[in-house]
Structures are given as C-alpha cells and as structure tokens.
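Here's a quick briefing to read alongside the structure.

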Amino acid sequence: MAAVGWRGAGIALGPADWAVIRFSVTQAVLSAGFSTVLAIPVARALARRRFAGRGALVTLMGAPFLLPAVVAVLGLLAVFGRSGVLNQGLLAVGLPPISIYGLHGVVLAHVFLNLPLATRMILQGWLALPAERIRLARSLGFTPNETFRHLEWPMLREVLPGVALVILVICLTSFAVVLTLGGGPSATTIELAIYQAVRFEFDLARAAGLAGVQVALCAVAALVAWVMVRPAGFGAGLDRDLALARPGGWRWGLDGLALILAAAFLVLPLGAVVLRGVPGLADLPASVLPAAGRSVLVALVSAALATSAALVLALAAARRPAPGIEAAATLPLATSGLVLGTGLFLLIQPFAPPMRLALPVTILVNTALSLPYLYRILLPQTRALAADYGRLADSLALTGWARLRWLVLPRLARPLGFGAGIAAALSMGDLGAIALFAGERQATLPLVVSQLTGAYRLEAAASASLLLVVLSFALFWACDAWGRRAGA
C-alpha cells in the first residue's frame, strides 16, 4: 500500500478516469441495492417456513461464496447470453434477443453472486429475534403488519446497512465479472482500469492512483454504513428457538414464490454449466490440466499460510487483545487482489521480471485476502480455548510446541479445517493478481477459463469451469472433513 501511495501521489485523474469511477460506484450501488432488497423476502420466507428441502436450500445459499466468479459468469452466459436459453426462447416466439453485456449484465452477475450471501446474513438477523418478543407479540394478538413494524423492521434497520456495505465493497473490487461482461470503455470499473493500465499500457502511476481511489471509496462506504446502523434495542433473550408464525393466505403464496424464484435463479446457471461442461471433459484444451495443477498448488500453499497466520493472530488476540492485531487481521478487507498485485508489481519491477514471480505473488495476495475470513472464524474458538484451558495449561507449564500439539490443534481442528477449506476454495477461483503477472506458463485455471470465454470457446470454457468447480469444492470438502475427523 505504501508503494501504491508513493507512486500514485500527485496523479491527476482525467475525464476517462472519472467516468470509470462513476461507473464503478453506479454498478456497485445498484448491485448492492438489488441484492439486499431481493434477499429480504427470501430470508423472511426461510425464517418462517419449515418444509422438506429447507436445509438443502439454505446450504445452496452458501455455495456461491465459494463459487469462482468466472464460473458464475459462464453459467449466466449459458442462460442469458447470445446463444443462451433465454434468447433462444425469445427468437422462437419472434422477439428480439437481449444482450447481457454492459451495466445490466454486470449488475445481474453481481446479484447472482451476492443474493445468497445477503440472504444468509439477513436470515441470521431473523433467527436472532428473541423468542420472548415473538411470544409476547402473539399473546398481544399482533397482526402480520404489526409484527413486521415492531419486531422485524427494527431488526432489518440494524442488519441491512452492514449487508449492503459488504456487498458494495465486494462489487467495488469485482474484476472477473466486469472483465467478461463489461461493455467496453463505457462499462469499465476501477479494477479493470488498473488491470489495463498495468498489463497493456504499463502506466504504473495511473494504476497506483486508481488503486488509491478504490481504497478511499471502500473506506467511505464503511463510514457511511457505520453512521446508518441503529441498534434494534430488543435486549437479550434466553436463546430459545421459536420461529415466526407461519403465514396464511396470499402471504403463504408470496413466500413460496420468492423461494421458487430464488432457487431457479441460482440453479439454472449452475445446471447449464454442468450440462455444457460434461460432454467436453474428455477433450479439454491442452492448457487446462497444467493450469489446474498450478491452481491446486497455489490453493494448498495459500490455505496453509493463511491458516497459520490467522491462528497466530487469533491466539494472540485471545491471550492479550491489542488494536494492532485487529488491524493486521482486517486491513486486507479494504483492498483487493489487483490493488495488492499493483503494489507488489511496483516493488518487484525494478529488481526482477514480475512474470517470473507470478505464482509466489499470487500465493501472497491470496493469503492476505483470505486472512480476515479465517481470523473471524478462529477468534471465538481461541477465546473460548483461552478461557476454558488457559490457566490450566499455564499451571502445567504447557508452552511452545507441546501446547500447540496437545491443546490448541486438537481443540481447534474443526474451525481450522473449515477455514482452510474456505481459503483453498477462494484461492482456487481467484482471478486477480495472476492476471497482472502471468504468462502462458504461469496461468492458473480461472485465467484459462477467462481466456477461453473471451475467445468465445464457450464449450471448452464450460468444461474447464466444471473442472474448476469440482476441484474447488473437493478441496473445501477435504479440508473440512480433515478438521471434523481430527476434532472428533
């Protein structure tokens, strides 16, 4: 970040740069708004409905977080693209086709990726409503409208700003979606402009200036959300599980419609990738398998480094909390892979060809970007470990490797395995720093998929995408299963 700030200091942004900034903010605000608003009825239906397959649907809502963005884009192209299912149906009835490229395509892809995340976050707010408040509302004979006004709306007022902020920052730092679906110069985000400035124009000063603007935008978004948050004021409950009343009449039908539409919106693109990808698995392009091997290597090393770093920081924070530890663990959320890659490019370029260090740099960037998620997963567990066993371990002089082996690793095996799986899956699907540094011999599987999609080799891209999805979820499953087995 210091290299980015030093190189970008004093750079005057031109009209084209301001157009890029305006488009970035516009698409991020629209994407966050649509994702958050559309998630409300879906989360509400899941909160007050119990039905067969509910658990599977909630699990499906968590899958896009691990789904590589290039695969999601390819699935949307299979449904909404020029030769997609929707346009084929429109042509069959004599209607003109629609184009997915441009602002509306970018927003559609971001809603596809972030609607499940928003649903899961808002659902947690509904499930956290104290059962005593729900029981009191029933005893007072609250109508559905009164229940929403006095219970649900205060909860939403507290939860929604944070949800919108998370999605806004994700969309501000989105790269793979805009690279594929952007509509040329009029639909370019800051991330894509940074990539073009480094990769094609070699204008490192402009790239650094844009990177600084992006970090500032993310900081402003965080400040606005912090100002808007208002506590719901429900107070503590007794942790009893009591769902909202099951709706009747037309409200029951609306809940069902929201769930059906959300499930179809998620399943159809993923199903299209599977259907298109299976036939070509036996005839993959020659570049796919070596790229898959590099991706697995990068994912495993990144997961090991990120898990180790998160464990060190979480243990330190649990033993002796300090603002510096919290800042170190959360600072990567303010940036993106391309911003970090730009800074590393600036540091490396005077001393060595950056292309030679493509994979090590990608590993470092993926480690940094995964660290905040793993730290948040481990911190509650390390605090409980310190509270339950810390004094006993100290009294037994259990320190160093012995403490790690006999106390920490067995007790934290489950969250460590889960966190390592998330880090590996996120690294497998990352298309950020590798796009700045890699040549043909350093390309990872997401980059190969993006190149095949850009060349309109959609069948080969679908097969490579299917392989990418299988490898991503296999790594996640293997790490998570190891954690469950070691912690049993």
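Predicted model: local features only at pLDDT ≥ 70, side-chain atom pairs only at ≥ 80, totals over all residues.

Rings of Phe, Tyr and Trp (its six-membered ring) count as a pair when their centres lie within 6.5 Å, and a pair is called edge-to-face when the planes are over 60 degrees apart.

**Aromatic pairs**

- One of the pairs joins phenylalanine 175 and tyrosine 195, edge-to-face, with 5.2 Å from centre to centre and 65° between the planes.
- What does this pair tie together? Phenylalanine 175 sits in the loop between helix H8 (144–172) and helix H9 (176–181), while tyrosine 195 belongs to helix H10 (residues 190–199), so the pair links parts that are 20 residues apart in sequence.
- Phenylalanine 175 counts as buried, at 4% relative accessibility, and tyrosine 195 is buried too, with a relative accessible area of 12%.
- Another pair brings in phenylalanine 418 and phenylalanine 476: the ring centres are 5.8 Å apart and the planes lie at 70°, so this pair is edge-to-face.
- Phenylalanine 418 is in helix H18 (residues 413–428) and phenylalanine 476 is in helix H21 (residues 458–486), so here the parts tied together are 58 residues apart in sequence.

**The chain overall**

- The protein chain has 21 helices and 0 strands.
- Of the 488 residues in the protein chain, 51% are buried.
- Take the contacts between residues at least 6 apart in sequence: 83% of them join residues at least 24 apart.

- The average pLDDT over the protein chain is 80, and 88% of the residues score at least 70.
- Which elements have the lowest and highest mean pLDDT? Helix H7 (residues 131–139) has the lowest, at 68, and helix H13 (residues 288–319) has the highest, at 91.
- Over residues 231–242 the pLDDT stays under 50, and the model has 25 contacts beyond four places in sequence for that stretch.

**Two residues to look up**

- Threonine 342 is part of helix H15 (residues 337–348).
- With a relative accessible area of 1%, threonine 342 falls under the 20% cut-off, so it is buried.
- Which residues does threonine 342 touch, leaving out those up to four places away in sequence? They are Val4, Ile194, Val198, Ala207, Ala208 and Leu436.
- Isoleucine 260 is found in helix H12 (residues 250–277).
- Isoleucine 260 has a relative accessible area of 59%, which is over the 50% cut-off, so this residue is exposed.
- Isoleucine 260 and valine 42 are 218 residues apart in sequence, yet their C-alpha atoms are 9.3 Å apart in space.

**The largest cavity**

- Searching the whole structure turns up 1 cavity of 30 Å³ or more.
- The largest cavity has a volume of about 50 Å³.
- Its lining is made of Ser295, Val298, Ala299, Thr362, Asn366, Ser427, Met428, Asp430, Ile434, Thr444 and Pro446.
- H13, helix H16 (358–395) and H18 each supply at least two residues of the lining of the largest cavity, and H13 gives the most, with 3 residues.
- Sorted by class, the lining of the largest cavity has 5 nonpolar, 5 polar and 1 charged residues.

**The second largest pocket**

- The second largest pocket has a volume of about 290 Å³.
- There are 14 residues lining the second largest pocket, and the closest to its centre are Leu315, Arg319, Ala386, Gly390 and Arg403.
- Which helices each supply at least two residues of the lining of the second largest pocket? They are H13, H16 and helix H17 (400–411).
- H16 contributes the largest share of the lining of the second largest pocket, 6 residues.
- The lining of the second largest pocket splits into 7 nonpolar, 3 polar and 4 charged residues.

How values were computed: Residues numbered from 1 in each chain as written. Heavy atoms only, no water. Phe/Tyr/Trp six-rings, centres within 6.5 Å; stacked < 30°, edge-to-face > 60°. Helix = DSSP H or I, 4+ residues; strand = E, 2+ residues; numbered from the N terminus. Buried < 20%, exposed > 50% of the residue type's maximum accessible area, 1.4 Å probe, protein only. pLDDT = per-residue confidence, 0-100. Contact = heavy atoms within 4.5 Å. 1 Å grid on protein atoms, 1.4 Å probe; cavity = no way out; pocket = protein on both sides within 12 Å on 5 of 7 lines; lining within 4 Å. Points joined across faces, edges and corners; volume = space filled by probe spheres on them. Nonpolar A, V, L, I, M, F, W, Y, C, P; charged D, E, K, R; others polar.
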